Every structure is written in structure tokens, then in C-alpha cells.
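This report describes the fold and selected residues of the model shown below. Overall features and individual positions are treated together.

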Amino acid sequence: MMQALLASFSDPEHARRYGEGPQRFIPGFADLHRMTAILLAERASHHAHVLVLGAGGGLELKALAAAQPEWRFVGVDPAGAMLTEAKRLLGSDAARVTFCEGYIDDAPLGPFDAATCLLTLHFLAPEERRRTLAQLRRRLKPGAPFVAAHISFPQDSGARPLWLSRYGAFARASGAEPAQVEKMVATVDAHLPMLTPEQDEAILRDAGFSNVAMFYAAFNWRGWVACA
């Protein structure tokens with residue numbers, strides 16, 4: 001099922017409609033992008049070269065490009081259809097992006113001035129998550145800022161059902177079709193290797209990041225800023 005879920009990102013029609021989903025399932029989605037740009041700019045210069053892991057769809061690339069007109073980017077994603085959609089969405093700003101189809105091991109070595117990984121790490125099992133983050137850190141200059149955000153909430157047997165119900169309730173309140181919400185909640189519950197916020201923070205530190213701080217918490221979603 002997980003492979004089928006990931007394969008859906010390679011469907012051009014799914015890629016075209018991808019941007020509709022985060023708006024309905026993620027509280028403060030546009031604000032998350034604005035905060036990400038602000039946090040990166042605290043340490044990255046006006047001419048920064050930024051690595052965006054999980055760049056398919058182009059939503060964060062578009063927001064970051066608008067916030068910082070002189071930044072350049074490398075956008076990495078395993079789904080070619082999603083990168084095609086990113087190029088379409090970016091328009092003329094696509095010229096500032098080098099697109100790389102693949103995973104972190106396929107990304108250039110940099111070193112980069114900053115990096116992001118939004119709405120991606122919850123697809124990875126803990127050991128692969130730790131390895132991916134360690135490889136990402138290797139591609140950053142010392143002290144470079146990194147922002148990550150993904151599903152992360154209490155996982156004990158009492159709390160997990162409640163948090164999943166809130167995930168679905170927010171999507172329904174945001175206009176998502178009830179059948180779509182039911183299917184998404186079931187898929188997330190059964191197939192995503194979700195961790196607690198404490199576990200996610202520990203993995204960031206194990207991967208070599210320092211000054212790890214949570215800056216975003218919205219129902220089932222958490223976001224952190226850290227330094228290489």
C-alpha cells in the first residue's frame with residue numbers, strides 16, 4: 001500500500017491536483033511557508049543556494065522564490081510528474097531552480113547555504129529518516145539553517161485515535177470531501193511510519209543537527225528549525 005501511495009505522485013493528474021490537498025489538510029499551510037522563508041533568512045544571505053528535499057509540486061519553491069528574489073535552488077524529488085508540475089507552477093522562476101529527480105543521495109554535494117524538507121519525512125521509516133537527514137546535513141555549510149515539517153504527534157494507544165480524528169475533522173471543515181478524508185485518515189493510520197515529536201527531535205540531533213527548536217505545531221503537524 002505504501003508503494004501505491006508513493007506511486008500516485010508519479011501520476012500527472014495527481015501531480016496537477018496536488019496543491020489542493022495541503023490547503024485542506026494542513027492548518028496554516030501558507031503561513032508555514034512564510035515562516036520557513038523567515039527562518040532560513042535569519043542565517044542565509046540574500047544570495048543563498050538552497051536545497052529543497054521533497055520539492056515536487058513546487059509549492060514551497062514558489063513561496064521561497066517570491067520571498068527571496070535572489071536565492072537559487074536545487075529541488076529534489078523522486079517523482080518526475082511532481083517536478084514537471086513544479087516547473088509549471090514556478091513559471092519564470094523555474095530558471096532559478098536546478099531540478100533533480102531522485103532522493104537525497106542523488107542531490108549535489110553543495111555545500112548549500114540552507115535547506116528544507118517539508119511534508120516528506122513522515123514517509124520514511126526511522127532509520128531511513130535518520131540516514132536521509134545525515135546525508136542532507138553533509139550537504140550544508142557549517143551553521144546553515146534547516147527547516148523540516150511533517151506529521152508528528154503522540155502515538156500511544158490512547159492519544160493516536162484522537163489526533164487522527166482531529167486530522168480528519170480539520171480537513172472536512174476545510175472543504176475536503178468526506179469520502180476522501182476517510183480514505184486519507186485510514187491510509188495515514190495504516191501505512192505512514194509516524195513518530196512522536198520527541199522522537200523526531202532526537203533523530204534530528206542524531207543526524208548531527210544542533211539548536212533544534214520547534215517553531216510550528218498545528219494539530220497533527222510539527223515543524224523544526226535547526227543548524228548544521
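Contact here means heavy atoms within 4.5 Å. By that criterion, and not counting residues up to four places away in sequence, E70 touches H46, H47, A48 and R96. The model is a predicted one, in which local features need pLDDT of at least 70, side-chain atom pairs count only at pLDDT 80 or more, and totals for chains, interfaces and linings use all residues. Residues are numbered from 1 along each chain as its sequence is written, and side-chain values use heavy atoms, with hydrogens and water left out.

**Overall fold**

The chain contains 10 helices and 7 strands; these are DSSP runs numbered from the N terminus, helices being H or I of at least four residues and strands E of at least two. Its radius of gyration is 17 Å, close to the 17 Å given by the globule rule for 228 residues, so the chain is as compact as a globular protein of that length. The radius is taken over C-alpha atoms, and the rule is 2.2 Å times the number of residues to the power 0.38. Along the principal axes, the C-alpha trace spans about 45 × 35 × 30 Å. Among contacts with a separation of 6 or more, 74% join residues 24 or more positions apart.

**Burial and cores**

Buried denotes under 20% relative accessible area, exposed over 50%, and partly exposed the range in between (1.4 Å probe, protein chains only). Of the 228 residues, 51% count as buried. A nonpolar core is a set of buried Ala, Val, Leu, Ile, Met, Phe, Trp, Tyr and Cys residues joined through side-chain atoms within 4.5 Å. The largest such core has 43 residues, and V50, W71 and F73 have the most contacts inside it. A second, separate core of 26 residues includes C100, A115, L121 and L195.

**Two positions compared**

Leaving aside neighbours within four places in sequence, T132 is in contact with L53, I104, L121 and L124. L121 also belongs to the second core.

E70 and R96 are 26 residues apart along the chain, and their C-alpha atoms are separated by 8.5 Å. With the same exclusion of sequence neighbours, W71 is in contact with several residues, including H46, H47, A48, V50 and R96.
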